[in-house]
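Trainee: I would like to learn how to read helix packing from a model. Please take me through a case.

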Amino acid sequence: MKILHTSDWHLGQEFYSYDRREEHQAFFEQLETIVGEERPDVMVVSGDIYHTVAPSNAVMRMFTDSLVRICGACPTMKVVVIAGNHDSNSRLEVNRSLWSHFNVSIVGSIERNGEHEVDLSKNIIPVCGADGAPIGYVVAIPHLFNRAYPSWIDGQNAEERQQMFYEKIAAALGDTRQLPIVMMAHMAVAGCNLSEHDDSRGNLEYVAVSMLDTVPYDYLALGHIHYPQDIASQRPTSLARYCGSPLPVSFDEEYEHSVSIVEIGQHGSRGTCRTIPIVNPRPVVTLPREAADFETTLKELSRFPDGEKAYVRLHVKLDGVAPADAVERAERAVVGKACRFCCFKWERPQLGQVQAGTVADINEFRLLSPVEVAGQYYRDRFGKEMAPELVELVNGIYQQMKRNNEE
């Protein structure tokens, strides 16, 4: 069985207020070409389809139109999509019955039947050959917080529910075990490489590989961590991998992005894996690589090739206070260029690397008001000050919360 593994598309992300549809469309065009050339038996998309739980209609239409074209590039290919922590389970599943006509299975949640028993039937999906007979199976596990695993017995704690969940999946596979099995999941596996992981949606919860190894998978197709990497399984014949995101989601993701192609001969035999790079038409660039003084970095930005598309972050060594007009001067330096200035990465020798306006001392931090904290986050995120109306809105929310607490 031949598998195309991709994940963490983050459709609808605005990068420092810049729209990224051009990049996502370029990715989809490359993915369509890859599908047409590789002709996989199944494409698994391991979560975080969208960047937010409420994507715009335009973004959802881009997903729908692009996936239809990708399916058309290889009509025999099965597609399985699971929800990630950035996705809305119900929103992703709303057109599940329509997608089934395109040989696409969407799995956003774990369901219970009419007797309120956990129903795993939609989570174990056959992959069929030209004759309609199964050639393998996909076990589709959407993102679950550790506390959200279903319970079979009253009084189970989180770890017991997790363990029994994977034991029940293994039991549900039954006689399918003579065929290749792919298990896909959106989670953080203990021991994975968290290189520059963007944890903007909360703290990571880890699952031990030993718990996942309860399921007799041949390939574990993981999503959630953007850095592509293999994960060590306790079974020497099994492969486990994060394919990584196809596009960088932050400036610190300057490594090569790709999709993975996995081929499994038969159940119980170790498969092979290779990657296919994805070319980003607008990469992330930090200038210079080593921090320099503000004037030097500004000159580098001015010398950046006029026609080269990129998101640019300036890496500045700062001994004192940042220039008041730093953002304005950087924006002027890119006028007429194809690149987009986004933010600064300030580096103070005595404090290490910090973002603009960051408070490093806890006592100083305690003196800040919530509005000032929000202002510092906004400068870090967007490289500019909050508009007065936004400051007023944040302050209004804070004052309302104070009143509610007092009442």
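Trainee: At what angle do helix H1 and helix H2 pack, and how far apart are their axes?

Mentor: Two packed helices are described by the angle between their axes and the distance between the axes. Here H1 (residues 21-38) and H2 (residues 57-73) pack at about 15 degrees, with axes 8 Å apart. Helices are DSSP runs of H or I with at least four residues, strands are E runs of at least two, and both are numbered from the N terminus. Axes are lines fitted to C-alpha atoms, for helices over the stretch in contact, and angles run from 0 to 180 degrees between N-to-C directions. The angle makes H1 roughly parallel to H2; angles under 35 degrees count as roughly parallel, over 145 as roughly antiparallel, 65 to 115 as roughly perpendicular and the rest as oblique.

Mentor: A word on the source: this is a predicted model, in which local features need pLDDT of at least 70 and side-chain atom pairs count only at pLDDT 80 or more, while totals for chains, interfaces and linings use all residues. Residues are numbered from 1 along each chain as its sequence is written, and side-chain values use heavy atoms, with hydrogens and water left out.

Trainee: Which residues in H1 meet H2?

Mentor: Contact means heavy atoms within 4.5 Å. On the H1 side they are Arg21, His24, Gln25, Phe28, Leu31, Glu32, Val35 and Gly36. Their partners in H2 are Ala58, Met62, Ser66, Arg69, Ile70 and Ala73. By class, this contact has seven nonpolar, four polar and three charged residues.

Trainee: How do H7 and H8 pack?

Mentor: H7 (residues 294-303) and H8 (residues 326-333) have axes 9 Å apart and an angle of about 25 degrees. They are therefore roughly parallel to each other. Phe294, Glu295, Leu298, Leu301 and Ser302 in H7 meet Ala326, Arg329, Ala330 and Ala333 in H8. This contact has six nonpolar, one polar and two charged residues by class.

Trainee: How many helices and strands does the protein have?

Mentor: The count is 11 helices and 22 strands. Of the 407 residues, 49% are buried.

Note on methods. Nonpolar A, V, L, I, M, F, W, Y, C, P; charged D, E, K, R; others polar. Buried < 20%, exposed > 50% of the residue type's maximum accessible area, 1.4 Å probe, protein only.
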